[in-house]
Amino acid sequence: MFYKKIGVAGLAIVLAAGSLLSQAPNKYAFPFSQYKLKNGLQVILSEDDSLPVVSVAVAYRVGSLHELPGKSGLAYLMENMMFSGSADVPPQQHFNNINRVGGKLNASTSEDMSTFYQTVPSNQLALVLWMESDRMRFLEITEDSLEATRKDLLDIMRQRRTADPYLENQFSFDQLLYMDFPYSHPLLGSEDDLRTLTLDDVKNFYATYYVPNNAVLCITGNFNKMKTMELVAKYFETIPRGKDSSFVPAPYKYIKKQVIKTEEDSLALAPAFYMGFRLPLFAPNDIYSLTILDYILMRGRSSRIMRRLLGLDNKIAYQLSGGIEKRRDRCAFKIFVIANNPYWINQCQNAVFSELDKLKTAFPSDAELIKAKNMFKRDYLDRIATTLDKAIFLCEKYIALGNLDAMPLELEKTMKVTNTDVVTVAHRYFTTDNSVILNVRTK
Amino acid sequence: MKKSRVLLGFVLWAVALSLAGQERFRKAPPPPEPRQELKLPSIETSPPLTNGLRVSVIFRDDLPMMILQLIIQGGESSSPERSAGTASFAAHVVTRSTQSRSASDIEEFIESIGGSLSVSTMEDFTLLTFRFLDDYLDQALELLGQMILKPDFSEKAIKSVKSILTLDYLGREKNPEFVAYRHLIRLLFKNHPYEKMGFPREAITNWNQKDLLEFFDRYYRPNNAHLILTGSIPMRMATQKVSRVLNTWQQAELSQKPFPPITPPQKEKICFIDVPLAKYCVIYLGTVFPSDDLDPSSLSVVSQVLGGTMNSRLFMNLRESKGYAYFAFSQAEFSRSGGLFFVRAKVAPEFIYPSVQEILKEIRKITREPIAISEIDQAKSYLIGNFPVAIEQLGVFSEKISEIMAYDRGNDYWNKYYEQILLVSPEKVFTAAQKCFLQPPLVVIAGDKSVLTNRLNEFESIDVYDSKGIRQYTINKEKQ
């Protein structure tokens, strides 16, 4: 046991040095401490005794980015397989055990992270750690569980393909925007790949990525820190360290070139378009300025493009969505518009370009800037509202940065963005020759 | 040499034994620690302001946001008979624009304080909920003051709200769950003011300025309202700020006749409503009961056993065992005049008939056979454990607060929750189940008729209704 070796006093010093207060002091910061087990598992603890609840999130640094061509969908399949039982927890029992004590649970997969999380009454913390450690170490991967999961996922894919208009176009658009396979293929993978995934594929994926040295365990809420550290050691420390992942993401080859393509969709009832701009983030603080730009343009009913396309008196679009999207080190601004009728599709597209141009030619007013910042602040605070939100937030930051000591002050930096910063990034990235457009026609 | 081999063997054996011993804890779930005390923020209520407005504060310095809720003691059941839905209409008009701020100004203003505004019209009360960054209480109160004191009841505002709500209803009517629930309300509360909760989309065309003004004039009064602030603000400061903005809000004499008692339908009935192109079909099955008839805690346990979660009887039967349904749950809702207990299930069209039979079977079972103590303990354990997990979410927290305040459940309601659930005995559960289903339940099926026609023929008798709630015809099995 790492911390028993150094003793309680040593532990206190390590924790204090490690980052008892890793965020700069502000009234929204919440304290956390962190340490690493011998097997490489990163542990983050954040106490909050407001209510007798505790949240546990286990995140693995693996997602669709780690899939090879021909093996797409493996990460999402693996997420589902994690509920199919482990050596000491029968299939579906993880869900049942959490449900029985009044808790809630879920999981998610992104391009570079697979997260499993639950909130339970605080007296049930050991139950969660027992189950999470069991599936980290002894997941039962059998032909039967693989076939059952594969069947469920194929059903979902078939349902989506036959019910969701514009879905296939969305996949095409992502390929145009992100270009290379790891970043551009859909999270669910392709049906063909999913059908041909083998038991060995799944076992190898699990053995490679679902290991303590590729994971972070975050516990937030009402718990006793010393007791919790003992529980973590008890359940996780004997899990053997895995091989260190050799995965290295492909270097970003940014190409500035306009792409325009047109596709048809038999499910689409109205014409639509996807528009995107690649954001290679030339300067480190550009992301904060782009975030405020995103709010000015797209967030909330009173944002510029929302008003222009879905205004109370001037509704030319049926649907509008989008904003900044980050896929690990790739960043893009995406807009999706369904026109209100077939004749207004060009009007919608021109309106979007016109709003982008306006942002380059006139500074947003101070009031508009404050509005954007306050909306961002509200959304940021919503991301850390509950113990579960905090646990997921910390896992995401750790996976993205590899080290919470260097956690950027996202809220503070975004609140300092100026009008000039917004106009600067609008000029830098929102140019015609940096745009990618996919027009979708009805069949 | 021999000695060292023996020693090595002993060491290996000891290590193996030690490892096995260490890992033995993995074989079974660890027992829970003792349950921790639930300490909830207290609700402080001031004496009414001079105009009769009650103000309560839930002090929470852990929140970076503030929540401002205004309860008006007049809900859908208070809408005039000739114009059902007027309560909803009033709430939307009041919050959409004021005499000095247009709808888009208000939209922009709320977003500029990092806020959101929602409106809910329940059977007994109307609830306006503002959520905003905690630096902006004065601005939020000022906007609320304008909405209450200078509302915009112009024809333009009325037309705009009617048009938005008509579109909203058109969208909702494509959802079989909405259609089935609305129909269930209409029939279960037939001839009771709560029936107006199920008003049809067509009622919107009848909404008019006169009824709106009358409703507002009668119910939007400070002595008929309760303002609740949740956040980091002391009571004294809260009342000062509220008083400064709303002291000119004029009180009036209130006259609300008590509602007649709720009488459940006397015979089992199965209804169907067509939802063209619906992608799935649903079964809603329910019953109603008078308010003083049932102990809410015991009924919550009944609902938990029957269909509270995916481990409850309905889900385990209809989905896990039979494979008929995507989900099957039950819930109990309590209001001033009585309660509603209902089951909702989303099922595959080919299994509509057996699904209804299985739900009825489960209801018969729970009313005729005592529930095992272990099952009751399990349900109580879920309810107690889930309570803090649920109210950790601000939305659930403020919803619970508004119910406590609107129904005068007492400011220490929070702290009694655990105790009341713990006191529920198997006898109380059995009695609650029997009382709840004293009358046979009503069944509503909603889905695409073209998909379900052959399946509906399997029922002995089924009444077909249109979306306005008017009976069209009856399908009888023997006539096929």
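**Close-up views of a predicted two-chain model**

View 1. A:Arg135 and A:Glu132 sit three residues apart in helix 4 (residues 125–137) of chain A, so about one helical turn separates them. Helices here are DSSP runs of H or I with at least four residues, strands are runs of E with at least two, and both are numbered from the N terminus. Their side chains meet in a salt bridge, 2.8 Å from N to O; the term stands for a side-chain nitrogen of Lys or Arg within 4 Å of a carboxyl oxygen of Asp or Glu. A:Arg135 counts as buried at 2% relative accessibility, and A:Glu132 counts as buried at 0%. Buried means under 20% relative accessible area, exposed over 50%, and partly exposed in between (1.4 Å probe, protein chains only).

A word on the model: it is predicted, with local features needing pLDDT of at least 70 and side-chain atom pairs counting only at pLDDT 80 or more, while totals for chains, interfaces and linings use all residues. Residues are numbered from 1 along each chain as its sequence is written, chains are lettered from A and ligands numbered from 1 in the order in which they are written, and side-chain values use heavy atoms, leaving out hydrogens and water.

**View 2. A salt bridge between distant parts of chain A.** Here A:Asp201 and A:Lys71 meet, 2.9 Å from N to O. A:Asp201 belongs to helix 9 (residues 199–209) of chain A, and A:Lys71 to the loop between strand 3 (53–60) and helix 2 (74–81), 130 residues apart. A:Asp201 is buried, at 15% relative accessibility, whereas A:Lys71 is partly exposed at 29%.

View 3. B:Glu214 and B:Lys210 lie four residues apart in helix 7 (residues 209–219) of chain B, about one turn of the helix. Their closest N and O atoms are 3.3 Å apart in a salt bridge. B:Glu214 is partly exposed, with a relative accessible area of 42%, and B:Lys210 is exposed at 53%.

**View 4. Where chain B meets chain A.** The contact (heavy atoms within 4.5 Å) takes 50 residues from chain B and 51 from chain A. Nine salt bridges cross this interface. In one of them, A:Arg307 pairs with B:Glu107, the closest N and O atoms being 3.3 Å apart. Both residues belong to a network of salt bridges that also links A:Arg301, A:Lys371 and B:Glu108.
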